[in-house]
Amino acid sequence: MIVEALVSFEQRFRAFLQAQETADVAHDLNHIFRVVKVAKQLAIEEDAKLDVVVPAAWLHDCVSLPKNHPQRAFASRMAADKAVTFLRLIDYPECFLEAIHHSICAHSFSAQITPKTIEAEIVQDADRLDALGAIGVARCMQVSGALNRALYHIDDPFCESRPLDDKHYSIDHFYVKLFNITDSLKTAAARREGKRRENFMRQFLTQLKQEI
């Protein structure tokens with residue numbers, strides 16, 4: 001697909017998303033914009049198909065359920081189905097839809113679907129990178145506020161002698177999930193960026209420990 005045509009479709013993706021409600025502030029349009037930007041960069045570095053990566057990145061959260069929703073694990077499949085229905089309505093080329101559907105399904109932690117294409121790996125990596133770095137810290141705190149989760153355990157803030165419990169403490173979530181993301185990234189470019197962002201988060205915890 002020529003670049004001009006893809007840009008025109010992107011305008012329609014944005015309008016489609018703006019007409020919807022977001023599940024939470026950590027999965028708003030700003031999150032989408034960041035994921036799209038990173039996904040494009042990774043696609044260029046990894047020589048992947050932008051015709052698949054771009055719509056999948058734009059639409060990966062077109063169904064987004066709160067973290068504590070009982071159907072959370074099915075959200076990415078629901079988003080993939082909704083995205084393909086929308087793409088057919090706007091006459092997006094049919095030859096890309098199966099790959100887009102898989103890329104959206106596989107992006108989610110909760111779904112536990114292994115990406116089978118470089119495009120799916122890129123969409124997953126771009127989404128996961130947005131949970132790291134300064135924006136990752138900010139998003140973790142946004143979700144914690146929505147879940148009424150305390151910042152840290154009063155007697156053992158950094159889980160030195162107690163079981164991890166990120167249902168009740170935000171800092172625990174760094175150790176339960178966030179510090180494991182870099183090792184889960186599929187592409188070399190994403191792993192390099194993931195390590196940089198993870199290092200910032202570790203510095204944040206070092207500063208937090210001093211302040212506590």
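A: Let's begin with helix α5 (residues 97-106) and helix α6 (residues 118-129), whose axes come within 8 Å and cross at roughly 35 degrees. Helices here are DSSP runs of H or I with at least four residues (strands are E runs of at least two), numbered from the N terminus. The axes are lines fitted to C-alpha atoms, for helices over the stretch in contact, and the angles between N-to-C directions run from 0 to 180 degrees.

Please keep in mind that this is a predicted model, where local features need pLDDT of at least 70 and side-chain atom pairs count only at pLDDT 80 or more, while totals for chains, interfaces and linings use all residues. Residues are numbered from 1 along each chain as its sequence is written, and side-chain values use heavy atoms, leaving out hydrogens and water.

Back at the two helices, the crossing of α5 and α6 is right-handed, meaning that the near helix is turned clockwise from the far one by less than a right angle, with anticlockwise being left-handed. On the α5 side, H102, S103 and A106 meet E119, A120, V123 and Q124 of α6; contact means heavy atoms within 4.5 Å. The residues of this contact divide into three nonpolar, three polar and one charged. Here Ala, Val, Leu, Ile, Met, Phe, Trp, Tyr, Cys and Pro count as nonpolar, Asp, Glu, Lys and Arg as charged, and the others, Gly among them, as polar.

Now for the rings. Rings of Phe, Tyr and Trp (its six-membered ring) pair if their centres lie within 6.5 Å, and planes under 30 degrees apart count as stacked, over 60 as edge-to-face and the rest as tilted. By this rule there are 10 aromatic pairs. F174 and F179 have ring centres 5.9 Å apart and planes at 65 degrees, so they are edge-to-face. The rings of Y175 and F179 are also edge-to-face, because their centres are 5.6 Å apart and their planes stand at 80 degrees.

How covered are these residues? Buried means under 20% relative accessible area, exposed over 50%, and partly exposed in between (1.4 Å probe, protein chains only). F174 is buried at 0% and F179 is buried at 8%, whereas Y175, at 30%, is partly exposed.

A charge sits over a ring if NZ of Lys or CZ of Arg is within 6 Å of the ring centre and within 35 degrees of the ring normal. R128 likewise lies over the face of F109, at 3.9 Å from the ring centre. Elsewhere, F9, F13, F16, F86, Y92 and F96 form one aromatic cluster.

Most residues other than glycine have a negative phi. N148, although not a glycine, has a positive phi of about 55 degrees; it sits in the loop between α7 (133-146) and α8 (170-176) and is exposed at 72%. C159 has a positive phi near 55 degrees and is found in the loop between α7 and α8, but C159 is buried at 14%.

A189 and L42 are 147 residues apart in sequence and 6.6 Å apart in space, C-alpha to C-alpha.
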